[in-house]
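Subject: Structure for you to look at

Hello,

Please find the structure below, followed by notes on what was found in it. Keep it open while you read.

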Amino acid sequence: MLGAGKFPMVLGNDMAGIVTAVGGAVTAFNIGDPVYGVKPPSTDGTHASHVLVKAAHLLPAPSETDLQALAALPYSFITMWLAVRGAGLTPQNARGKNVLVLGAAGGLGTLALQMLSTWGATVAAIAWPQDFGACREAGASVVVDSTDKPFASLPRTFDATLNFASWEHERSLLACLRDGAIGHATTVHPLLGNFDELGWVRGALKTMSDKRSHRAALPKGVPNYHWTTFRPEPAALAELRQLVEQRRVHLPIGLRVPMTHAAQAFDHVRASGRGRALILCSV
């Protein structure tokens, strides 16, 4: 939709590295500064030795941190943050709220557990048994086994629900909200697929129909129902900077490969390998 699928194409949204040049109006960064950040969807991505990026989309890397590992955070964190805020949760209202997260052991889910627990929310995580420990470490108060009909055992008492895993379980998540709850958001939805399959007009109509029918399934008095798509967001970057400096958010790194072996990184993701995959782009 933003022209990011045209060739020639360089993939990638996240980045971390050292500033090698700055524009004349840039005052926040100097040559030699370690930074991390994100680019909006485009054909000019970040899988490259040099990246041109707006200063507003960069953050200073704290000293004594793994600069490479910071590259795994911005895209996932911003997407997660947009979902959390789309569901109606804020640092001001999250304390004491019961939040249910589907896909809690993935990148978005892990960051959500870390941020929401820092905000004071009580978070229930739906995950595979092998991921229970990681979910609790990330901040989950309750862990629900995803292999054993998890929604059958969950009460309708949650203040907010988040779907980072499966569109087919969307209505089951909505059914876990209490009447008058804050809301729900999902990062897995048919919006882009509808446009790919049906084109602009029919895709838009199908998307509106899909969203309307799911919104109608919300319990009584729930104001927020949100489909999340990524975009750089200054407030999310500010939150990320604060949590990184407080050492409250991180993602495990499962693989680091040079650009010449980038295919291994994509294989790692395709095989659902544990931890994030980093492509190291040297000059």
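Helices (H or I, at least four residues) and strands (E, at least two) are DSSP runs, numbered from the N terminus. Counted this way, the protein chain has 8 helices and 11 strands. The radius of gyration, which is taken over C-alpha atoms, is 19 Å for this chain, close to the 19 Å that the globule rule gives for 283 residues, so the chain is as compact as a globular protein of that length. The globule rule is 2.2 Å times the number of residues to the power 0.38.

Before the details, two remarks on the source. This is a predicted model, in which local features need pLDDT of at least 70 and side-chain atom pairs count only at pLDDT 80 or more, while totals for chains, interfaces and linings use all residues. Residues are numbered from 1 along each chain as its sequence is written, and side-chain values use heavy atoms, with hydrogens and water left out.

The chain as a whole

Taken along the principal axes, the C-alpha atoms fill a box of roughly 55 × 45 × 40 Å. The accessible surface, computed by the Shrake-Rupley method with a 1.4 Å probe and, for residues, with only the protein chains shown as cover, comes to about 14400 Å². Carbon and sulfur atoms account for 54% of that surface.

A residue is called buried under 20% relative accessible area, exposed over 50%, and partly exposed in between (1.4 Å probe, protein chains only). Of the 283 residues, 43% count as buried. A contact means heavy atoms within 4.5 Å. Among contacts between residues at least 6 apart in sequence, 63% join residues at least 24 apart.

Aromatic pairs

A pair of aromatic rings is described by the distance of the centres and the angle of the planes. Rings of Phe, Tyr and Trp (its six-membered ring) pair if their centres lie within 6.5 Å; planes under 30 degrees apart count as stacked, over 60 as edge-to-face and the rest as tilted. The structure holds 3 such pairs. One of them is the tilted pair of Tyr75 and Phe230, with 4.4 Å from centre to centre and 40 degrees between the planes. Tyr75 lies in helix 2 (residues 74-86) and Phe230 in the loop between strand 9 (224-227) and helix 7 (234-245), so this pair ties together parts that are 155 residues apart in sequence.

Salt bridges

Side chains of opposite charge can pair when their charged atoms come close. The rule used here asks for a side-chain nitrogen of Lys or Arg within 4 Å of a carboxyl oxygen of Asp or Glu. How many salt bridges does this rule give? The count is 9, including the following:

- Glu233 and Arg231 have their closest N and O atoms 3.6 Å apart. Glu233 is buried at 17% relative accessibility, and Arg231 is partly exposed at 44%.
- Glu245 and Arg241 meet at 3.0 Å, N to O. Both lie in helix 7, 4 residues apart, about one turn of the helix. Glu245 is partly exposed at 46%, as is Arg241 at 36%.
- Arg270 and Asp267 meet at 2.6 Å, N to O. They are 3 residues apart in helix 8, which separates them by about one helical turn. Arg270 is exposed at 62%, and Asp267 is partly exposed at 42%.

A nonpolar patch

Patches are made of residues with over 30% relative accessible area and no salt bridge; like charges are joined within 9 Å, and nonpolar side chains (Val, Leu, Ile, Met, Phe, Trp, Tyr) within 5 Å. Trp200, Val201, Leu205 and Met208 make a nonpolar surface patch of about 480 Å². Leu205 is found in helix 6 (residues 191-215).

Backbone details

The peptide bond from Phe7 to Pro8 is cis, with omega near 0 degrees. Pro8 is in the segment before strand 1 (14-18).

Which residues other than glycine have a positive phi? Glu64 is one of them, with phi near 60 degrees. Glu64 sits in the loop between strand 3 (58-60) and helix 1 (67-70) and is exposed, at 76% relative accessibility. Ser272 is another, with phi near 55 degrees. Its place is in the loop between helix 8 (262-270) and strand 11 (276-280), and Ser272 is exposed at 62%.

Regards
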